[in-house]
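Visitor: Please take a close look at one part of this structure, the disulfide, and then go on to the ligand site.

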Amino acid sequence: MTMMKKLHLGVAALAISATGAVAQEVEVLHWWTSGGEAAALNVLREDLAGGGIGWTDMPVAGGGGSDAMTVLRARVTAGDPPTAVQMLGFAIQDWAAEGALADLNALAEEQNWNEVVPEALQAFSTYDGNWVAAPVNVHSTNWVWANTALMEELGIEQPGSWEEFVAAMQTAQDAGYTALAHGGQAWQDATIFDSIAMGAGGPEFYQAAFVDLDPEALGGAEMVEAFNRMATLRGFVDDNFSGRDWNLATAMVINGEALFQIMGDWAKGEFVNAGMTAGEEFQCFRVPGSEGTVTFNSDQFAMFNVEGDAADSQVAMASAVMSPEFQIAFNVVKGSAPARTDIDPSSFDACGQAAMADLAAAGDAGTLFGSMAHGHANPPSIQNAMYDVITAHFNGEFDAETAAEEMVTAVELAQ
Ligand code: GAL
């Protein structure tokens, strides 16, 4: 309560000092529509309301944001961009290259963003040396979420290797449970693939295949092994997985119908929203094989070129998003880590603290990689080409060898 009050005062003061007038309204395009996501969004909305800034909501459902990006393109083409847009990685860079984004440099300088935002995020928040987006968080995609009661019932310990992970899922399936809660949507298949590929091939392979787009890595033995592991996972999902939303898959773990889900830590927002405690009723651990590495994505608010009061509101919103108090209040609900390096982890739960420690350690060790599935390894055109192959393989269209060959061809054609 005290924190929220302080936060509100902070926003109001900054809105006045940065612009000379109290800003009034933001229209925000986003895809935060699940229970946990909406709860986090509400933290932002109320924070802005406390600073006198109104909110026009522009939700576009669809995890991962592909549908939101389609709606955005239509809005901008019609000459009517929203004030602020939830956006990921290379998409920010694409819009900045089109000259569509506003310049947040004055605020960034005043608040010293260069010093407090991790460099891995700045690579996406800035274009040509100019700040064009305000990062709200850092998610990582290589997590397994598990139901503790079900693990205990089945006598399952946290698996320490791929083989133990598979054995645990086999135990659950044999006992009549869904071993792996999953939703068959291209972005979810790709989210799983992120950490499976990292586990199968290691960091150098991840860099070569997804960042450098090296055909030898794209079509090599590690890629084949990654697809083989995906086929193993396919054997552990339930019959109704096709098209299921990610949060409904999380609900299966929450309800004890399913043992595990591989998903980014936005899934934690669902557990928290259901009143469950990290390390007690649910567990988080790194996808076996990917320990010591982090595949990350950062939600940022990209600010579009708008005029007058709307531009003032953008500055006020960006200022609110970057405040340390807000970064804590928002991210404990969202499941992510803060987008600043100067935040005390003590307000975060066990999984949040692990995420923050893992991010820092991976950053130091050179094992922090932008997530392919969430637009931080390569541009949207390449990402979509990879999605198509991963999903076609998951649905049985290709065997592992063919899928690896298809990766090479698809990436070549998309460049
Ligand atoms: C990610 C985004 C997360 C979460 C997730 C599922 O791309 O970064 O914040 O919204 O999609 O919708």
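Guide: Cysteine 284 and cysteine 351 are joined by a disulfide, with 2.2 Å from S to S. A disulfide is taken here as a pair of cysteine sulfur atoms within 2.5 Å, and by this rule the count is one. The torsion about the S-S bond of cysteine 284 and cysteine 351 is about -110°, so this disulfide is left-handed.

The model is predicted: local features need pLDDT of at least 70 and side-chain atom pairs pLDDT 80 or more, while totals for chains, interfaces and linings use all residues. Residues are numbered from 1 along each chain as its sequence is written, and side-chain values use heavy atoms, without hydrogens and water.

Polar contacts are pairs of N or O atoms within 3.5 Å. A polar side-chain atom of lysine 334 is 2.7 Å from an oxygen atom of the ligand. For tryptophan 32, an N or O atom of the side chain lies 3.0 Å from a ligand oxygen. Glycine 64 instead uses a backbone N or O atom, 3.3 Å from an oxygen atom of the ligand. The protein covers 100% of the 300 Å² of accessible area that the ligand has on its own, by the Shrake-Rupley method with a 1.4 Å probe.

How values were computed:
Polar contact = N/O pair within 3.5 Å; in protein donor to acceptor, adjacent residues only side chain to side chain.
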